[in-house]
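Student: Could you take me through one part of this model up close, residue by residue? I'd like to know what surrounds it.

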Amino acid sequence: MNTTIDSSVIHWKIIEDIGTLNDYVVEWQQLCSENKDSFFTSPIWIKSWLNVYWQKNWQLKVILGYEHSKLTIFMPFYLKTSAYYFSKSTLFPLGQGEPEKSEVTSEYQDILIAKQSTISFQDIALKLKELHVTDICWNAISPKANILKLAPYFRKISAKPTGARYCIEGTREPKDFLSKNNRSKWKKCLNKLIALNAELLWVSSQDYELYWDKMKELHQQRWHKKQKLGAFVHKDFTRFHKKCSTPDNVKISAIEIDNIPIAINYYYCQDNILYFYQCGWDEKNHAYISPGFSLHVWSIINNPMEKYDFMMGSLNDSYKSKFVCNTVNKMYNVKTESVFRRMYGRFLEIISSFRNL
């Protein structure tokens, strides 16, 4: 079902089924090219997510805005509705809200707006309000995201720092992104790697599947040692990335000793940004050469893109902060809900705690 709404300036459409959304992929992709950090709101990411995680009881609410017959705004939302004494509907961005045990951690989700658009954030807020949602839940949002500019138009909206984005831009010299102590560490690690005849490389695209499987093995071994499940525990995590990954949007770096990978970094790339997404390394046998640290340093030095984006880490004590990132921005969780609902939610938590006694 599609609902079309007209105004004096903008022609609005609300897409409410996935099949119809596919009809707009070309325009959608073009709009992505006009927006920064749009990979995680791109058709390949969102369509892969829909294919793996979509549930029948969710309600698609993708809002399109046209100016002079050109798509100038793309708002990728969906609704989750629940009932506990009264109905509650939460507005999520497509790409977030999947089950925690299989989540893919989409970051930088946003509303896409064309450069030449004359639309106001007030118009956008009004259109969102027409959905009659009770809550907004949007996580890992960049400080430059359009969603944050909607705050003045909602009575109750909170944008709380939840982490930081660590990014290295432009530099390729260790002296620019490593402290004196870490430069010494890198030199020692490099000498050990040379002594082992180790090879540091960008993996050929034809071998991506092989290295993905090896990275999965290394990653899970390390997390199981910590008595944690690890990212790859659920099959949907791998299914999603198999669908989303192409030779054009993925790069993999590795350290090999005797042709055996001992450390692997997995990246997505778009708009001259290398997004560090996942990794695995042999901690048991090769901790003495700091394989995770060493592979990051080599990959930064040999980065074919303009930026090396570690993506989100904790605000404090993140290993990513040990690199001298020349761009560090807070990331936000955005939520809106009435005071009454917050109090009611807390009341339910208290009742639930008594029941579990």
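Tutor: Happy to! Leaving aside neighbours within four places in sequence, H296 is in contact (heavy atoms within 4.5 Å) with N265, Y267, F276, Y308, F310, Y319 and F323. Keep in mind that this is a predicted model, where local features need pLDDT of at least 70, side-chain atom pairs count only at pLDDT 80 or more, and totals for chains, interfaces and linings use all residues. Residues are numbered from 1 along each chain as its sequence is written, and side-chain values use heavy atoms, with hydrogens and water left out.

H296 sits in helix α10; helices here are DSSP runs of H or I with at least four residues, strands are E runs of at least two, and both are numbered from the N terminus. With a relative accessible area of 4%, H296 is buried, a label that means under 20%, whereas exposed means over 50% and partly exposed lies in between (1.4 Å probe, protein chains only).

Among the contacting residues, Y308 also meets H296 through the side chains, in a polar contact of 2.7 Å. Such a contact is a pair of N or O atoms within 3.5 Å; within protein, one must be able to donate a hydrogen and the other to accept it, and residues adjacent in sequence count only if both atoms are side-chain atoms.

Elsewhere, D110 lies in the loop between β5 (86-93) and β6 (112-113). Its contacts, again leaving aside neighbours within four places in sequence, include T41, P76 and W138.
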